[in-house]
Amino acid sequence: MNTEKLSDRLEAVANNIPKAARLADIGSDHAYLPCHVVIKGTVPMAIAGEVAEGPFQSALEQVQEENLTDKIFVRKGDGLEVIEAGEVDCITIAGMGGTLISTILEKGKLKLQGVSRLVLQPNVGSFAVRRWLIDNGWELVKEEILEEDRKIYEVLVAEQGEPLKPYQDLDVELGILFGPFLLKEKTAVFKEKWSAEKRNWERILKQLDEAVQNDETESKRQELKTKLKMAEEALQ
Ligand code: SAM
């Protein structure tokens, strides 16, 4: 992967950035995504945020190498603290766990005023992102699922709106775990992901049945049984 050729995962994120938006890419690492969309002309400028020194330096070097220092501003800081309220229209956060993404959004809530679109790509735990969006007035407008290098990724696109709209004809908890759009589409990749999860949960449940029984194992067992029932429903 490089600036010119993104991974399919990052390309899916890039494709959901609105034309002419002012962008902040949080956790940008090499800043491939902001460099790609600025060079392509999708966006006029971008902020690349990084909390860690190594990736921050990589982003700085990449932006210098591409001669984009007048259009891409690399800033070091935790989550949304690298942007001012009203400075950007679109925020991308990709390649992290869903819990970390929702923590970044929660801590930076005040910076989201004026942001019209979030493009979020949790590697795992996308339910945490969906729950945060519902609790904070963001409406999922699109979801994608894709497979690359034998890993399955989800891309969640949200805009300020009616958070429960995509869940209207669904059990909300089912929608939060599997994704309201993904659940309706049920693509082959979706089925592959949740069949594998289901097999994993069945394996853990079997191990629990063989373990010493106490309140903890019982509560874990109930949790797994609920999830397995939901997976069966989702895979129907
Ligand atoms: N976004 C790129 C991608 O999708 O390929 C890089 C993903 S990389 C696995 C995650 C990056 O997020 C790391 O470079 C890490 O330093 C950065 N990161 C983690 N927590 C962060 C935070 N709270 N604020 C800013 N960056 C963060």
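Predicted model: local features only at pLDDT ≥ 70, side-chain atom pairs only at ≥ 80, totals over all residues.
Now look at single contacts. The side chain of Glu-50 places an N or O atom 2.5 Å from an oxygen atom of the ligand. The backbone takes part too. A polar backbone atom of Gly-79 is 2.8 Å from a nitrogen atom of the ligand. For Ala-94, a polar backbone atom is 3.0 Å from a nitrogen atom of the ligand. On its own, the ligand has 600 Å² of accessible area, and the protein covers 78% of that.

Next, turn to the charged side chains. Side chains of opposite charge can pair when their charged atoms come close. The count here comes to 18 salt bridges.

Take Glu-154 and Arg-130. Their side chains form a salt bridge, at 2.8 Å from N to O. Glu-154 sits in strand E7 (residues 151-160) and Arg-130 in helix H5 (residues 126-135), so this pair ties together parts that are 24 residues apart in sequence. Are the two partners buried or exposed? Glu-154 counts as buried, at 2% relative accessibility. Arg-130 is buried as well, with a relative accessible area of 0%. The pair also belongs to a network of salt bridges that links Arg-130, Glu-143, Glu-154 and Lys-193.

Helix H5 also holds Arg-131. The side chain of Arg-131 meets that of Glu-173 in a salt bridge, 3.0 Å from N to O. Glu-173 lies in helix H6 (residues 172-178), so the pair ties together parts that are 42 residues apart in sequence. Arg-131 is partly exposed, with a relative accessible area of 35%. Glu-173 is partly exposed too, at 39%.

Finally, find Arg-221 and Glu-218. Their side chains meet in a salt bridge of 3.1 Å, N to O. Both lie in helix H9 (residues 215-235). They are 3 residues apart there, so about one helical turn separates them. Arg-221 counts as buried, at 10% relative accessibility. Glu-218 counts as partly exposed, at 33%.

Conventions
Residues numbered from 1 in each chain as written. Heavy atoms only, no water. Polar contact = N/O pair within 3.5 Å; in protein donor to acceptor, adjacent residues only side chain to side chain. Areas by Shrake-Rupley, 256 points an atom, 1.4 Å probe, with all protein chains shown as cover. Salt bridge = Lys/Arg side-chain N within 4 Å of Asp/Glu carboxyl O. Helix = DSSP H or I, 4+ residues; strand = E, 2+ residues; numbered from the N terminus. Buried < 20%, exposed > 50% of the residue type's maximum accessible area, 1.4 Å probe, protein only.
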